[in-house]
Amino acid sequence: MKQLRSNVIRAGLEAFYLTGAHHLLRPIFAGVGSILMLHHVRPRRDGAFQPNSHLEVRPEFLRAMLAHLRALGIDIVTMDELHRRLTERDFARRFACFTFDDGYRDNRDFALPLMREFDAPFTVYVASDFAQGTGNLWWVALEMVIAKASSVEAEIGGVASRIDTSTLAAKHAAFTRLHDWLRALPSQNDLSREIGRLCARHDIDQAAICTALCMSWDELKPFANEPLVGIGAHTITHCNLAAQPSETASEEMSASRARIENTVQHPVVHFAYPYGDRLAAGRREFALAKSAGFKTAVTTRPGMVFAESAEHLTALPRVSLNGNYQDERILPVLTSGAATAMWNGFRRINAA
Ligand SMILES: [Zn+2]
């Protein structure tokens with residue numbers, strides 16, 4: 001199903017750049033700006049089994065996007081400046097914001113030098129447990145378990161299942177199945193227990209994943225002092241907020257913010273919802289982020305920023321720079337808004 005969806009999206013993007021239809025849509029759907037969403041920025045890794053590859057782009061692709069925006073004369077601005085332009089209705093110039101989720105060290109090592117080259121500010125949303133070195137990057141752990149194993153056992157829906165992971169195709173199918181199962185578990189504790197069991201059985205050092213990939217507090221301090229860098233919050237545990245009781249969801253927002261502010265010694269006023277889709281962030285979470293005092297909060301719902309987005313500052317959509325579509329020809333399609341408009345059934349605002 002994921003592969004099918006991926007192929008449909010690819011075909012849609014290709015149709016736009018082959019026909020040029022995105023040029024016709026630009027005045028209607030380009031909005032006043034956009035918020036670009038990235039995770040990892042790093043050179044391509046070896047190995048055929050990379051089910052999380054949508055979460056990483058090569059440095060050259062990021063450079064191409066930066067050059068494309070500069071060529072179009074689009075301002076690259078901070079989230080504070082986005083907030084100012086939206087609230088003051090200053091739409092004289094189109095803008096783009098760069099945002100990076102989770103706080104990966106490659107953001108410092110590969111993205112920062114490129115952002116400097118283009119004098120482009122950006123925001124990194126930090127999950128405080130990730131910086132603490134105790135975070136659960138279960139999707140990476142799952143990839144490592146399946147990469148290594150020839151079969152995986154798990155109790156799915158109360159039924160003990162043995163899942164074949166002996167071939168590349170079987171590994172991809174197993175990843176989809178186990179990923180969906182883990183994400184649908186009722187609580188963060190259930191998720192931690194099940195991925196913990198899989199890692200223990202297949203000898204994957206789960207604790208090492210977090211420290212290998214994420215910046216520590218000691219690394220975040222100097223990083224946050226970089227003139228182009230803004231730090232936002234991304235909860236404590238990287239949980240699905242919509243699945244938590246209200247008090248827990250509020251605590252995830254405010255305690256992560258306090259912890260980050262304590263380290264970086266700057267106010268943290270921007271937030272990103274973990275997972276950020278409809279299942280993880282809806283009306284209640286948008287209201288909680290607002291009452292927690294965040295000036296903006298970003299989802300992973302696809303879309304451009306419109307003047308009307310000023311009414312939905314804690315439900316902002318983003319445009320994903322998806323690692324599975326690293327073709328420079330799609331850049332004008334992404335900045336035209338045509339791709340996200342297609343996704344939204346040609347609605348401009350999707351914040352309910
Ligand atoms: Zn995240």
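Select Ser-166 to start: with a relative accessible area of 46%, Ser-166 is partly exposed. That term covers values between buried, under 20% relative accessible area, and exposed, over 50%, using a 1.4 Å probe and protein chains only.

Before moving on, note that this is a predicted model, where local features need pLDDT of at least 70, side-chain atom pairs count only at pLDDT 80 or more, and totals for chains, interfaces and linings use all residues. Residues are numbered from 1 along each chain as its sequence is written, and side-chain values use heavy atoms, leaving out hydrogens and water.

**Around Ser-166**

Ser-166 sits in the loop between β8 (159-164) and α8 (168-184). Helices (H or I, at least four residues) and strands (E, at least two) are DSSP runs, numbered from the N terminus. Show the side chains of Ser-166 and Asp-164: a polar contact of 2.7 Å joins them. Such a contact is a pair of N or O atoms within 3.5 Å; within protein, one must be able to donate a hydrogen and the other to accept it, and residues adjacent in sequence count only if both atoms are side-chain atoms. C-alpha to C-alpha, Val-152 and Ser-166 are 9.7 Å apart in space, and 14 residues apart in sequence.

**Along α8**

Select α8 next. Its buried residues are Ala-170, Lys-171, Ala-174, Phe-175, Leu-178, His-179, Trp-181 and Leu-182. They cover an arc of only 165° around the axis, so they lie on the same side of α8. The arc is taken from the directions from the helix axis to the C-beta atoms. On the face turned away from that buried side, find the exposed residues Ala-169 and Ala-184.

**The zinc ion**

Jump to the zinc ion. Its protein donors are Asp-102 (OD), His-234 (NE2) and His-238 (NE2), at 2.1 to 2.2 Å. Donors are N, O and S atoms within 2.8 Å of the metal (3.2 Å for Na, K and Ca); water is not among the atoms, so sites may look incomplete. Along the chain, the donor spacing reads D-x131-H-x3-H. Asp-102 lies in strand β5 (residues 95-102) and His-238 in the loop between β9 (229-233) and α12 (246-264), so this pair ties together parts 136 residues apart in sequence. Asp-102 is buried, at 3% relative accessibility. His-238 is buried too, at 4%.

**Last stop: His-39**

Select His-39, in the loop between β1 (33-38) and β2 (40-41). His-39 is buried at 14% relative accessibility. Beyond its neighbours within four places in sequence, its contacts (heavy atoms within 4.5 Å) include the zinc donor Asp-102. Also among them are Leu-55, Phe-100 and Tyr-104.
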